[in-house]
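Hi everyone, thanks for coming. I'd like to walk you through a structure that may be new to you, so let's bring it up on the screen.

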Amino acid sequence: MAEAALFNSAGERTGVVELRDDVFGVEPNAALMHQAVQRQLANARQGTHDTKTRGEVAGSTKKMWRQKGTGRARQGSKRAPHWRTGGVVFGPHPRSYQQDLPKKMRSGALRSALSTRLRSGELVILEAIPHIDAPSTKTARHLVDSITIAKSR
């Protein structure tokens, strides 16, 4: 069985905890962890970006000048993309970035991550979190600083 050090809220080592091998002793699957992270980041995206096409911008649809005889280039509409107030050609439009990941793959990625942290000695187990009367960043920071073993990467 895998073992991890047990700490109290003062940061003192108080013992050892035996951990299940089916959770903390698996061979890490880097590809699965990468896929889980990519899913998490993709699902955090809003996808609300939008640009207006030539059919959505303001402006007349009237032909600006006649086709021939003026000496100028032929033009059809003020809404065309090369004009200053024209539409955007291949701009972004709202879409969903939602990705799915089967439940077994999600739990496998979590087991891989926990096993990796345990092997590198970055897994900290607390006996109990002390009761805090009022939410305070200073108190939480003191607790984290007292139990941190190594700097996170």
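Let's begin with a crossing: helix 2 and helix 3 meet in a left-handed one. Before going further, please keep in mind that this is a predicted model.

Helix 2 covers residues 30-44 and helix 3 covers residues 103-119. Their axes lie 9 Å apart, and the packing angle is about 115°. Angles of 65 to 115 degrees count as roughly perpendicular, and so helix 2 and helix 3 are roughly perpendicular to each other.

Which residues in helix 2 meet helix 3? They are Leu32, Met33, Gln35, Ala36 and Arg39. On the helix 3 side, you'll find Met105, Arg106, Gly108, Ala109, Ser112, Ala113 and Thr116. Sorted by class, this contact has six nonpolar, four polar and two charged residues.

Now, over to the core. The largest nonpolar core is made of nine residues: Ala2, Ala4, Leu6, Leu19, Val23, Phe24, Leu118, Leu123 and Ile125. Strand 1 (2-7) and helix 1 (21-24) are the elements that each give two or more of them, with strand 1 providing the largest share, three residues.

Do have a look at Phe24, one of those core residues. Setting aside neighbours within four places in sequence, Phe24 is in contact with Ala2, Leu19, Leu114, Ser115, Leu118 and Leu123.

Finally, back to helix 2, where we find Leu41. Is Leu41 buried or exposed? Its relative accessibility is 53%, so Leu41 counts as exposed. Leu41 and Gln99 are 58 residues apart along the chain, and their C-alpha atoms are separated by 9.6 Å.

Key
Residues numbered from 1 in each chain as written. Predicted model: local features only at pLDDT ≥ 70, side-chain atom pairs only at ≥ 80, totals over all residues. Heavy atoms only, no water. Axes fitted to C-alpha atoms, helices over the stretch in contact; angles between N-to-C directions. Helix = DSSP H or I, 4+ residues; strand = E, 2+ residues; numbered from the N terminus. Parallel < 35°, antiparallel > 145°, perpendicular 65-115°, else oblique. Left-handed = near helix turned anticlockwise from the far one by under 90°. Contact = heavy atoms within 4.5 Å. Nonpolar A, V, L, I, M, F, W, Y, C, P; charged D, E, K, R; others polar. Core = buried A, V, L, I, M, F, W, Y, C linked by side-chain atoms within 4.5 Å. Buried < 20%, exposed > 50% of the residue type's maximum accessible area, 1.4 Å probe, protein only.
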